[in-house]
Structure formats: C-alpha cells, structure tokens
Amino acid sequence: MTRPRGTDRRETIVQAAFEVIAERGYRGSSLGAVAERVGLTQQGVMHYFPSKEQLLMAVLERRDQWDLMGFSRSEDSSSLGAAHLQQLVEYNATRPGSVQAYTVLAADSVTEGHPARPFFQERYARVRAWVADLMERQEGELPSGLTAEQLAPIVIAVLDGLQLQWLLDPDEVDMPESFRDFLAVLGIKV
C-alpha cells in the first residue's frame, strides 16, 4: 500500500521544520525557512500547516513517534526499570539532532505564551508517571527511602541535564556512562 502524496509532503515538511527548529529554535525559525528547505513557497507550506504553531505541534508529535519507532520498548517486564532508562540514554546518544531539537523546544516552552508549553507540561506529567512506574519495578528499595514518585522528577532532571551538557561538549560528556554513574550513586544496578 502506498501513501498518498499529501502524506509524504506533510512528512517532508515536518522533517524540515524539525531540522530548522533544532538549528534556530522555535522563535528563530519561520515558515519561509521551512518552505525554502523543502522547495515550496511559504503558501505551499501553509496549505499543509496553516500556522507556525500547527507545524510546531506536528513536529513535537512526530518526534515522539520517531522515538517510539526507534527505541524498542521490551514487553519483558524483567527488562523494565533503570536498565530501560539506560537503554533510552544509549539510544539518544545516537541521535544528536533529535536530542537538540527536543532540548531547544523544551527550553523555549518555558517562556510566556509559548505554543508548546501545554504540550511539554502534559508530556512531563506523562514521563514522570512512566519513570515512576519504571522505578517501582526496581528490585529492592529505592535510595534514601524516596518513593518512585519523588525520584521520577530527579531522574528526568538528570536525563535532561546530561543531554544539554552532551550537546554542548560531546567529547567531554559521555551521556550513557554518566547516567550509569548516576544510577550507581543511587545504588541502582543496571
């Protein structure tokens, strides 16, 4: 079964927007820059995405879909827990462009009136619940008597912070190794 031409064109536009946003940030990007990258006019892009905000939301949703396709989540519950997070860090270390786009957009979204703010608020709530679930599956007690819900935002902060440091200095920051070290400090073996 082949995909309709419009679906392919939308995918091409979303990929180009992803790249432009990773390079320039949301506020520094434009529909014109995306249009130039895909060989369309700005009106041509607006045929598929009537506003910059709608294109941004498509980029964010598609990025999460790419993550799910590329990062295979095991159905075997014995592999869940901190080891699953370690696999995610290792996977992200192979995708600097995706990590950069995510980092830029997440940081941009904290500004007043940013169109991606609700997306990231909802996403972080969902990710905190997911990480808490993974931490609950750990064998033994969690460090320092923390609950899984208390540990989840700390784990996410470390993940996001490592990504930022790795993007700024990939030769000095080994993201997977640093995350393993963090888990070791917590007394969690992977």
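This is a predicted model: local features need pLDDT of at least 70, side-chain atom pairs count only at pLDDT 80 or more; totals for chains, interfaces and linings use all residues.
1. Overall make-up. The secondary structure consists of 9 helices and 0 strands. Read along the sequence, the pattern is α-α-α-α-α-α-α-α-α. The protein has 190 residues, of which 44% count as buried.

2. Contacts and surface. Among contacts in the protein with a separation of 6 or more, 67% are accounted for by residues 24 or more positions apart. The protein exposes about 10500 Å², and carbon and sulfur atoms supply 52% of that area.

3. The nonpolar core. In soluble globular proteins, nonpolar side chains tend to be buried together. Here the largest nonpolar core has 55 residues. Those with the most contacts inside this core are Leu55, Phe120, Met135, Val155 and Phe179. At least two core residues are supplied by each of helix 1 (5-28), helix 2 (31-38), helix 4 (52-70), helix 5 (82-92), helix 6, helix 7 (117-136), helix 8 and helix 9 (175-186). Helix 1 gives the largest share of the core, 9 residues.

4. Phe120. Which residues does Phe120 touch, not counting those up to four places away in sequence? They are Leu60, Tyr102, Leu105, Ala106 and Ser109. Phe120 is also among the core residues with the most contacts inside the core.

5. Phe179. This residue has its place in helix 9. Phe179 has a relative accessible area of 0%, and is therefore buried. Residues up to four places away in sequence being set aside, Phe179 touches Leu85, Gln86, Val89, Val155, Val158, Leu159 and Leu162. One of these, Val89, is 90 residues from Phe179 in sequence, yet the two are 7.5 Å apart in space, C-alpha to C-alpha. Val155, another residue that Phe179 touches, is likewise listed with those having the most contacts inside the core.

6. Helix 5. This helix is mostly covered, with 8 of its 11 residues buried. The buried residues are Ala82, His84, Leu85, Gln86, Leu88, Val89, Tyr91 and Asn92. Among them, Leu85, Gln86 and Val89 are touched by Phe179.

7. Asn92. Leaving aside neighbours within four places in sequence, Asn92 is in contact with Val99, Gln163, Trp166 and Met175. Of these, Val99 belongs to helix 6, while Gln163 and Trp166 belong to helix 8, and these three take part in the contact between those helices.

8. Helix 6 against helix 8. Two packed helices are described by the angle between their axes and the distance between the axes. For helix 6 (residues 96-108) and helix 8 (residues 148-168), the angle is about 115 degrees and the axes are 10 Å apart. The crossing is left-handed. Helix 6 contributes Pro96, Val99, Gln100, Tyr102 and Thr103 to the contact, and helix 8 contributes Asp160, Gln163, Leu164, Trp166 and Leu167. By class, the residues of this contact are 6 nonpolar, 3 polar and 1 charged. Tyr102, on the helix 6 side of the contact, is also touched by Phe120.

9. Ser29. A loop between helix 1 and helix 2 holds Ser29. Ser29 is classed as buried because its relative accessible area is 9%. Not counting residues up to four places away in sequence, Ser29 touches Val20, Ile21, Arg24 and Lys52.

Terms used
Residues are numbered from 1 along each chain as its sequence is written. Side-chain values use heavy atoms; hydrogens and water are left out. Helices (H or I, at least four residues) and strands (E, at least two) are DSSP runs, numbered from the N terminus. Buried means under 20% relative accessible area, exposed over 50%, partly exposed in between (1.4 Å probe, protein chains only). Contact means heavy atoms within 4.5 Å. Accessible areas come from the Shrake-Rupley method with a 1.4 Å probe; for residues, only the protein chains shown count as cover. Axes are lines fitted to C-alpha atoms, for helices over the stretch in contact, and angles run from 0 to 180 degrees between N-to-C directions. A crossing is left-handed if the near helix is turned anticlockwise from the far one by less than a right angle, and right-handed if clockwise. Ala, Val, Leu, Ile, Met, Phe, Trp, Tyr, Cys and Pro count as nonpolar, Asp, Glu, Lys and Arg as charged, and the others, Gly among them, as polar. A nonpolar core is a set of buried Ala, Val, Leu, Ile, Met, Phe, Trp, Tyr and Cys residues joined through side-chain atoms within 4.5 Å.
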